[in-house]
Amino acid sequence: MLQHEFWLNLEYTWLAEQIGATWLFPLFNSLHVVSITLMLGALLMLDLRLSGVAANVYPYRTLSRDFLLWIWLAFIVAVVTGLGLFITRASAHVLNPAFQWKMLLMLLAGLNMLVFHRRSLRLSEGWDNARSIPLSIRLTGLASLLLWAGVMLGGRWMGHII
Amino acid sequence: MTELSIKLLSTVPGLPPILQTIHLLGLTMLMASAVMMNLRLLNLAGRGQQLQEMLQRLFPWVFWALPVMLLSGLPFLLARPQRYLNNPVFAYKAAFLCLALILTAALWLAFRRGRIQQQTWLVKALALVSLSAWLMTAMSGRWIAYADYLFWPG
């Protein structure tokens, strides 16, 4: 499946050729980096609150109202720019172990988010006001930080393998 | 120092991407705090949080992130100084960084003296410049590798 010519054909699409041959590539690359730092920065603040490490004076909900929109907007920019970069060398990227790790860790981060959601819905109202957040929730916050740091390492390592 | 940096970067397995990731994680800490503070000063985000308390909480992150970024970036500069010092994009990055540092230091001093009580137009204007300077520092950092796209040699 990873050897399929579909990946190679992606590289010959009009869009991929435009990005790969012009200054669009560095532009996408730098926007990718900036959007990731903004997304993970906001996520860092939220996850540190969930883990009970920082900003304990606020209920989790106050912070999630402040940050969630920014996180998702930055994530969308990162995905769009990331896809733009990906299609310029798709066939090589899918075989790149660093890229494979990155995708796996991102999948796990998504699953971790679902676990957090299910768990927080089951807890009684007002759990997020408490100074001591339940252990299971704190662990999802911690896992999120570690997984996303791994995603970043995988992403940075990709460029050293190709 | 140059020899040591070259030796470390070329012999320790995976050191370049690991150092670069630490640089990026430091950037995440720094950008998150700096962007948050400046957006709060501009009243564009985090209105549910008190300004004084937020500055008190976020400034230590800025001060911790800066040495992390310096130490994780310095080996690359030392290993190949001519790659950076002759690169016009690196000069831009240094200029944006200086501007951002000066404005952030000014904000910190004003905060320490209790002068950030209300957001006057001056405070807002400086916050906008500071926010842009941090974003441009990060952008130009990535463009160092792509200087040829901007300044075609010959």
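Here are some questions and answers about this predicted model.

Tutor: Quick ground rules: residues count from 1 along each chain as its sequence is written, and chains are lettered from A, ligands numbered from 1, in the order in which they are written. As the model is predicted, local features need pLDDT of at least 70 and side-chain atom pairs count only at pLDDT 80 or more, while totals for chains, interfaces and linings use all residues.

Student: Which helix of chain B has the highest mean pLDDT?

Tutor: pLDDT is the predictor's confidence in each residue, from 0 to 100. Chain B averages 90, with 97% of the residues at 70 or above. Helices here are DSSP runs (H or I, at least four residues; strands are E, at least two), numbered from the N terminus. Among the elements of chain B, α7 (residues 147-150) has the lowest mean, 82, and the highest, 94, belongs to helix α5 (residues 88-112).

Student: How many residues of chain B are in contact with chain A?

Tutor: Two residues are in contact if their C-beta atoms, placed from the backbone, lie within 7 Å. On the chain A side, 26 residues take part, and on the chain B side the number is 24.

Student: And which helix gives the largest share of that side of chain B?

Tutor: α2 (15-41), α3 and α6 (121-143) of chain B each supply at least two residues. The largest share, 11 residues, comes from α2(B).

Student: Is N43(B) buried or exposed?

Tutor: First, find N43(B) in the loop between α2 and α3 of chain B. Buried means 20 or more other C-beta atoms within 10 Å of the residue's own, exposed means 12 or fewer, and partly exposed is in between, with C-beta atoms placed from the backbone. N43(B) has 12 such neighbours, so the answer is exposed.

Student: What is the phi of A55(A) near?

Tutor: A55(A) sits in the loop between α3 (24-50) and α4 (60-88) of chain A. Most residues other than glycine have a negative phi. A55(A) isn't glycine, yet its phi is positive, near 55°.

Student: How far apart are the C-alpha atoms of R57(B) and S33(B)?

Tutor: R57(B) is in helix α3 (residues 51-79) of chain B. Along the chain, R57(B) and S33(B) are 24 residues apart, and their C-alpha atoms are separated by 9.3 Å.
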